[in-house]
Amino acid sequence: MIPELGSFALILALCFALIQGTIRSELTVNAVFGQFTFLSFAMLCLIISFINNDMSVIYVREHSHHLLPFIYRVGAAWGGHEGSLLLWCLVLSAWTFAFIIFSDKKLSKTTFSTILMILGWMSAGFILFLLSTSNPFQRDFPLSPIIGNDLTPVLQDPGLIFHPPMLYSGYVGFAIAFAFAIAALLEGKFNKEWARALRPWIILPWSFLSFGIVLGSWWAYRELGWGGWWFWDPVENASLLPWLAATALLHSLIVSEKRSAFKGWTLLLAIITYALSLLGTFLVRSGVLVSVHAFANDPRRGLFLLGYIALIIGGALALYSIRIKKFFKPSQFQLFSRETFLLINSVILLTAVATITLGTLYPIVLEALNLEKISIGEPYFNTVFVPIMLPALLLMGLAPHVHWEKQSFLALWKKMGLALLLSLLLAFLLPWSLGYPFGFLTWMGISLGLWILLSTLQSLLKQKTGLNHWAMIVAHMGIAILVIGVSVNKSYSEERQVKMQPGESIMLAGYQFTFDSLDKTKGPNFESIKANFTVGNEPISAEQRIYPHDQTLGKTGIIFNGWRDLYLALGNSLPDGNWSIRIYYKPCVRWIWFGGFMLLIGGMISLLNHYQKRRGAL
Amino acid sequence: MKKYLPLGLFLLIVILLWRGLGLHPNLIPSPLINKPVPTSRSVFLGQVTLLNVFASWCEACAEEQGFLNQLAKNNKVRIIGFNYKDTPLKAKAWLKQYGNPYQNIMVDSKGETAIDWGIYGTPETFVIDKKGIIRYKVLGAISPDLWEETLGPLILKLESETL
Amino acid sequence: MIFLILLPLITYAAEDSYQFQTKEDQARFSALTGELRCLVCQNETLAASNAVLASDLRGQIYQKMIQGKTDKEIVDYLVERYGNFILYRPPLHLTTVGLWFGPFLLLILSIGYLLYYVRKNQREKR
């Protein structure tokens, strides 16, 4: 009964979405509310089906097991294609709902209702996709008692509860900015008020996406068992692409708001950002690429999604081509000015987007042309993406100190030269004084991180600091910390893969890992072999778990402080009585995630500022 | 003109992705095609052969075996087995259970020869001509459809080639 | 003296799964296996994968390194058998020129165009 209610709720939600998309009236607000209610209800039905172990529901059967712990049964609701698509629809309607409640009241009524209509069509398309190709409530009733396929062990982790909702809140949220852009193109109107009204709808999803990506990286680090935190897998690229575009959008919008420039560019970036969100969804769900996280695929789904994307984004870009002339305005700034710097930054970020897209899609190009089958992975992206991003980091420290319209080079050098030289010097001295070897890329990375840090701090000295300025400071410092973390981690990590048995010790990076004992333990739905180690006085243990259906999963052991992680992974038992063990020393790895967390904080501060101002204005 | 650039680029990507939907990213073509067999050359000379990689732990192999048995019974083609990362005892029991279509079996318990053949999964099947040249490789199980459409005609053609 | 040399061996009986004479070779091994793709996995390097084939290939690479083979010889050996698909760093061929140089070309062209555009605009205003 409950799954049928869920299906029914989806159909009602679709009706509401269609109403929202077609009728321009005050009443559409109710349609949004109805849609949100029924989608929430459908999600609830799905979760209840999981909690009740209703194995007649195909989706539940394929992603659960009667032994699966309660909390993962809840999370399993979005652990597969169908359920995560329902989450996507739910998040979109939640954003629309939030837009109605919190949107700027200065936005004209027509713009407001146009935005709602566009969002309505977007939602209708996705719910239709869900109902026609991926209904999570589909049931059948086999005669024999059914045992669930179980949730993939990798997903049985607290990360499952937080990461997907956070990530989806990020990239689905860009739908609002997209709708804003379409409304602006349709109405030919893009003023300061409009830019201000749009701002929180970019900052908020951008913050969520930043943090969602960080959560994903942290999860992969703990789960995959080889100490890596980013692999340039298509699924990771799918989330990084909209992030890069949104970062460019964020900065371009600031110029549009403050200087009334770059309007066409801002509109284009808003479309591109959402297009990349949709592209990511397509890549992960259509099976065109081999990824660590490909959902089970069915060509019909890929075709539907591609058609939908072609329609929505193709339509938007066509509209852009026709209407963009209206937004053109001769620029007021000189070559050496903050505007130019921000434009160059946008261009670099978009080149980075193009690079990742190229690296992700190139294998398909070659295969489609019947030329060759190749893989493109980490070594490619590190070689190409990193040098392209370096100048952006240099500009990042500089731009906040450059005047709008025009700036003399000499004055800038006088102001910032010291910080630049200091960061170059410190980046050389710091590793040297700690006894680490010199490496050119390491030096560049740490220099740029320090440079952003110092120049950002320097901007604190003179300027009046409002909340908005603080938001920038926190976010930029977050990037600085992330960059330093990445540089140090990439350069000075150490690892050993060893054979050992209880009683033996091994040294890594000055730490002595002692293998104390081997335990057999039992969890709620797994049996496990646990290797207990000590490092100094601290215990650390890693496991090999066996889940139902003989699925195995290694569980890593990690002890950390602010400076470094010590990481332990248990491999197979060897015929000679030894165990294969991998140990890693990972310096500054937490800095990467902390930097990402600071982006979220920065975003929140900016939002606070926005609402404070709005309240002041009322 | 410039303003149509984003639209043009986007349409190009859509067309590419649409083509991509029809491809199989999981299947890796073998670079050994049209090259002589890497090991045991003499075994393959003079007769068209299917070299079928199997193992007792391989579930898809069991599904394929019925069809291979039929081929062997009807004398369609000579089939040689390649027992991959298995123990003789288990392999024998498995052949007893699912049938033995093989005229001869190469045994590679350690998986070292397999690397020379570029084998990366089970089942895989190589089609080898009379000169001992690899002409085709099937990834995954052989289905009756695949035989009707591709393998059967190919083998007829190879049979008609002179040494 | 002999005692001193033996001492570490007694304390740390555990040993590396792949033993090399020098630290450089150890690093070479990590780097090499970190750039090769595990063919049976969804998307993992040979270094990271637990798959049986990955472990076999790691063993082969180790053997070849011990025999004194260079990185290039080892990579060629694998590409001969599994194709370029095994390389996460695609080689520079006619077909991959766009992949390797496209991004840099794009960056230079677009920044060049941007600067030209800003200047032109300014001149027109004057």
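Two residues count as being in contact if their C-beta atoms, placed from the backbone, lie within 7 Å. The model shown in these views is predicted.

**View 1. Helix α1(B) and the chain A helices over its buried residues.** Pro6(B), Phe10(B), Leu17(B) and Gly20(B) are the buried residues of α1(B). Seen down the helix axis, these buried residues fall within an arc of 75°, so they line one face of α1(B). Their cover includes three helices of chain A: α11 (263-286), α12 (299-323) and α13 (338-368). Leu5(B), Gly8(B) and Leu12(B), on the other side of α1(B), are exposed.

**View 2. Length of helix α1(B).** The helix runs over residues 5-21 of chain B, 17 residues in total.

**View 3. Contact between chains A and B.** Here 18 residues of chain B are in contact with 24 residues of chain A. On the chain B side, the residues that touch chain A divide into 14 nonpolar, 2 polar and 2 charged.

**View 4. The largest nonpolar core, around Ala175(A).** This core has 173 residues, of which Ala175(A), Ala177(A), Phe180(A) and Ile271(A) touch the most other members. Helix α7 of chain A (residues 159-187) supplies the largest share, 18 residues. Leaving aside residues up to four places away in sequence, Ala175(A) touches Leu92(A), Trp95(A), Leu119(A), Met122(A) and Tyr274(A).

How values were computed
Residues numbered from 1 in each chain as written. Chains lettered and ligands numbered in written order. Predicted model: local features only at pLDDT ≥ 70, side-chain atom pairs only at ≥ 80, totals over all residues. Nonpolar A, V, L, I, M, F, W, Y, C, P; charged D, E, K, R; others polar. Helix = DSSP H or I, 4+ residues; strand = E, 2+ residues; numbered from the N terminus. Expected span 1.5 Å × (residues − 1). Buried ≥ 20, exposed ≤ 12 C-beta atoms within 10 Å, placed from the backbone. Arc of directions from axis to C-beta. Core = buried A, V, L, I, M, F, W, Y, C linked by C-beta atoms within 7 Å.
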